[in-house]
Amino acid sequence: MIRPEFIIEELRKNMPDADLDMVWRAYAFAARCHRGQKRLSGEGYLVHPLEVASMLAKMKLGHVSISAGLLHDTIEDTFATHEEIKQMFGDEVLLLVDGVTKLSLIESSTQEERQAENVRKMILAMSEDIRVILIKLADRLHNMRTLDSLRPVKQKKIAQETLDIYAPLANRLGIGWIKTELENLSFKYIWPSEYREIQKRVAAVEDEREKYVEKIVNEVNEVLEKEGIKADVRGRSKHYFSIFSKMRRQDISFDEVFDLMGVRVITDSDSACYMVLGLIHNLYKPIPGKLKDYIALPKENMYQSLHTAIVGPEGRAVEIQIRSRRMHLISEEGIAAHWRYKEGGSREGKYDDQIVWLRRLMEWQQEIKNPHEFLEYVKIDLFPEEVYVFTPQQEVKPLPRGATPIDFAYAIHTDLGFHCIGAKVNGKIASLRHELKNGDIVDILTSQQQKPSRDWLKYVKTSKARTKIRAFIGQAEKQRALTLGKEALEKELARLDLDPAEYITETKLLPYAQAAGYMSLDSMFIGLGLGKLKIQQFLRKIVPKAAFDKKNKMSLRGVIKKFIVRSPKSPKPSGVRIQDMDDILIKFAHCCDPVPGDAIKGFISRGRGLIVHTADCPNSKNLGLDSERCVDVKWDIKAEGKHLVMILVETEDRPGMLAQISVCISDNGANITDAMIRTDSHKRGSVHVTIEVRNLKHLQSVMNSLMRVKGVISVERVRDRQGVLASRANRMKQ
């Protein structure tokens, strides 16, 4: 266990004037609060805050941060109160401790909501004091180091959250050593077999790789010494997760990853970096397109370096990074190196120009209420790969890789994004889908008639653009739903020979709207328009029963006479009943393939008869807006029949799988009418099988049996059979 004396000594070395007494008092208070508590690993709980405080000392933070690190779990996990922390250690320490305390008392219905609220609170706390996230990162890193004591499901869940949020945060803050360790630890628990394989493969070539890099290091050192340039030249290992990511991103094998180890040159001055670059390019042949100048255009996390790739001895590609000692310090410690607090004094300038991304997070986190969207946008804004593009006035704008002119337009101004119709990229007209590249000069073209489209969401990359587009579309859809809902209600009242003007008044409708959970008539109309409030059910509350009785005597037959083609003779049993009528053409919708047991709806189609959809089919919800043509239907349990359903079986890619699937389906009394098989590069197979089943219970029995077949990973019902078949037909044409 780390001893507090080691932390005190590190603090004294980095900050001679630090308040050491505060740290000792924080240690004593934490020890008293956590007395008797154990971690799941069995060790005393105090080990955890000591490890966190040790990491903060390693980041060269001061006595306030280290004290907060020692106390960070006291409010959440012990009987310590905010008042005690404030009284004993002051407002500044309390602000940091409260910032990293989980919102364990917040009542939210899902894990996603709890995670979203925790991240939201972190962002707000970061805006007050960046040290909050430094403490949180140290807390998460030690938790990841001790993850072995948890159940595998919990391990994977925490590791995934770490990879999605905390590793990108460390990268955004420029703390390279934390980012790398968080990624490797997450990799170990999310993809354990791949982790072990890469670990084994790297160890197998370790000696040969080190000898090769040592040869390059010696050759570079020799050239630099001749030119009188002082520099530290060293080998640089590619960490496991970086190797895995490259293999997945480029769809290559381990043997095709040539830059498992690179070379880093650290100079004494910034100006020497470009001289070293020239000398290395004279010594080795540079690979075209691989030079990246992050000195002239630093990343948003303050990272600066020159990256190049050369053809080394034996024709092997080697990546070389060149940076000064100042740049190297920032690349490893990031904001912790750049932002040295005078603890206990003023914290003016809390929004540093070099972490503008934090301002962006602050802007849109207040606008997004949906937890799923909020976490999605956090991940987008922490996306590490960037391109740098320019306005016509030569102002640089950093954007995520793959960003489009729409992202660029919203980055400049929201109104410019709303009215964007295209762009000139380097003087040439480009579409809204065009992916911007480093160095592009972008001039946005606008029209006042242009409005955001839902299609834009398919190719924008920035969180700001997605937030603004979705907000605009949501408002437009609400307005459309309001109009549709009001018109539908008017139409239904008129159909009942009632005067809409008499019924659609605030006095008449508002009490019923509020009883249904709507605070205004407009929100009620929106509910009707979106199908959330069923119009027939609502009508029965506001319209006299006599009006319904009179109309219902002839309504159904009238609608059928108006729209439907009657069968010239009694059709074969369909398995669906509609009141007492047996001469109606009934068809099952191919978009959802209903089977007996599914909740269903009927929709009268012009000239095609009654089309039966599942109740949760998106198409049936859209058709439901036209209530005149909607018919209540139910299954006829006496009628027997066979119904086509498509299922998707995900399997391991190995011989005999299709045969096993076929036998299993046959043994369960179902017949296969069609099958499509595809495999991918990850040794997975996908089998789309169309089968005939009697009802939902029969289908579930088949699916359950398939899940017991060795090698089957998952089985699910496909709702859009026709879409899958059409996609196959298109591929065959190509």
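These legends walk through several close-up views of a predicted model.

**View 1. The whole chain, before we zoom in.**
Let's start with the overall picture. The protein chain has 734 residues, and 48% of them count as buried. Its secondary structure comes to 31 helices and 21 strands. Look at the contacts between residues with a separation of 6 or more: 66% of them are accounted for by residues 24 or more positions apart. A search of the whole structure also turns up 20 salt bridges, and a few of those get their own views below.

**View 2. Helix H6 meets helix H7.**
Two packed helices are described by the angle between their axes and the distance between the axes. Here, H6 covers residues 82-89 and H7 covers residues 91-100. Their axes are 7 Å apart and the packing angle is about 140°, so H6 and H7 are oblique to each other. On the H6 side, the contact is made by His 82, Ile 85, Lys 86 and Phe 89. H7 brings Asp 91, Val 93, Leu 94 and Asp 98. Sort the residues of this contact by class and you get four nonpolar, one polar and three charged.

**View 3. How much of H7 is covered?**
Stay with H7 for a moment. This helix is mostly covered, with seven of its 10 residues buried. Which ones are buried in H7? They are Glu 92, Val 93, Leu 94, Leu 96, Val 97, Gly 99 and Val 100.

Side chains of opposite charge can pair when their charged atoms come close. In this view, Lys 200 forms a salt bridge with Glu 197, and the closest N and O atoms are 3.8 Å apart. Both residues sit in helix H12 (residues 192-204), and because they are three residues apart there, about one helical turn separates them. Is Lys 200 buried or exposed? At 55% relative accessibility, Lys 200 counts as exposed. Glu 197 has 35% relative accessibility, so Glu 197 counts as partly exposed.

**View 4. Arg 316 and its salt bridges.**
Find Arg 316 in the loop between strand S5 (306-311) and strand S6 (317-324). The side chain of Arg 316 meets that of Glu 208 in a salt bridge, at 2.8 Å from N to O. Glu 208 belongs to helix H13 (residues 206-226), and this pair links distant parts of the chain, 108 residues apart. Arg 316 counts as partly exposed because its relative accessibility is 26%, and Glu 208, at 42%, counts as partly exposed too. Arg 316 also meets the side chain of Glu 314 in a salt bridge, with 4.0 Å from N to O. Glu 314 counts as exposed, at 65% relative accessibility.

**View 5. Leu 277 and the residues it touches.**
Leu 277 is found in helix H15 (residues 272-283). With a relative accessibility of 11%, Leu 277 counts as buried. What does Leu 277 touch, if we skip residues up to four places away in sequence? The list is Leu 291, Leu 306, Thr 308 and Ile 322. Take Thr 308: Leu 277 and Thr 308 are 31 residues apart in sequence, and in space their C-alpha atoms are 8.2 Å apart.

**View 6. Ser 705 and a polar contact.**
Now move along to helix H30 (residues 696-707), the place of Ser 705. Ser 705 counts as buried, since its relative accessibility is 12%. Leaving out residues up to four places away in sequence, Ser 705 touches Cys 664 and Asn 668. The side chains of Ser 705 and Asn 668 are also joined by a polar contact of 3.2 Å.

**View 7. Two loop residues with a positive phi.**
Most residues other than glycine have a negative phi. Lys 60 is not a glycine, yet its phi is positive, about 65°. Lys 60 lies in the loop between helix H3 (47-58) and helix H4 (63-71), and at 32% relative accessibility it counts as partly exposed. Asn 426 also has a positive phi, near 55°. Look for Asn 426 in the loop between strand S9 (420-425) and strand S10 (428-430). At 46% relative accessibility, Asn 426 counts as partly exposed.

Conventions:
Residues are numbered from 1 along each chain as its sequence is written. This is a predicted model: local features need pLDDT of at least 70, side-chain atom pairs count only at pLDDT 80 or more; totals for chains, interfaces and linings use all residues. Side-chain values use heavy atoms; hydrogens and water are left out. Axes are lines fitted to C-alpha atoms, for helices over the stretch in contact, and angles run from 0 to 180 degrees between N-to-C directions. Helices (H or I, at least four residues) and strands (E, at least two) are DSSP runs, numbered from the N terminus. Angles under 35 degrees count as roughly parallel, over 145 as roughly antiparallel, 65 to 115 as roughly perpendicular and the rest as oblique. Contact means heavy atoms within 4.5 Å. Ala, Val, Leu, Ile, Met, Phe, Trp, Tyr, Cys and Pro count as nonpolar, Asp, Glu, Lys and Arg as charged, and the others, Gly among them, as polar. Buried means under 20% relative accessible area, exposed over 50%, partly exposed in between (1.4 Å probe, protein chains only). A polar contact is a pair of N or O atoms within 3.5 Å; within protein, one must be able to donate a hydrogen and the other to accept it, and residues adjacent in sequence count only if both atoms are side-chain atoms.
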